[in-house]
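Biologist: Please take a close look at one part of this model, the nonpolar patch on its surface and the residues around the strand that contributes to it.

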Amino acid sequence: NFDTEGIAEKVNRHSISACGYGPSMALAEYTRMTGKDAFTMLLRYGHSGQVVPSEKVVAYASILFYSK
């Protein structure tokens, strides 16, 4: 829903370790500002434990930001 303030608040409140959430929020804001019909689509999600089994993993997501 492009709630970048909510994302920042949750990352900080829960001490979430997330690389690149700042640039992702900037992209979300830019997409929202460029058109009334702003959307996101999760293209792929995975984590390093899928390649090498481990209890400590790093997650990756590929997200498309677009407007019509």
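Modeller: M41, L43 and L64 make a nonpolar surface patch of about 260 Å². Patch members have over 30% relative accessible area and no salt bridge, with nonpolar side chains (Val, Leu, Ile, Met, Phe, Trp, Tyr) joined within 5 Å and like charges within 9 Å; a salt bridge is a side-chain nitrogen of Lys or Arg within 4 Å of a carboxyl oxygen of Asp or Glu. Areas follow the Shrake-Rupley method with a 1.4 Å probe, and for residues only the protein chains shown count as cover. The model is predicted: local features need pLDDT of at least 70 and side-chain atom pairs pLDDT 80 or more, whereas totals for chains, interfaces and linings use all residues. Residues are numbered from 1 along each chain as its sequence is written, and side-chain values use heavy atoms, without hydrogens or water.

L43 is found in strand β1; strands (E, at least two residues) and helices (H or I, at least four) are DSSP runs numbered from the N terminus. There are two aromatic pairs, counted when ring centres of Phe, Tyr or Trp (its six-membered ring) lie within 6.5 Å, with planes under 30 degrees apart stacked, over 60 edge-to-face and the rest tilted. One of them, F39 with Y66, is stacked at 5.5 Å centre to centre and 25° between the planes. This pair joins strand β1 (residues 38-47) to strand β2 (residues 59-67), its members being 27 residues apart. F39 is partly exposed at 31% relative accessible area, as is Y66 at 26%; buried means under 20%, exposed over 50% and partly exposed in between (1.4 Å probe, protein chains only).

T31 of helix α2 (residues 21-34) is buried at 5%. Beyond its neighbours within four places in sequence, T31 has contacts that include F39 and Y66, a contact being heavy atoms within 4.5 Å.
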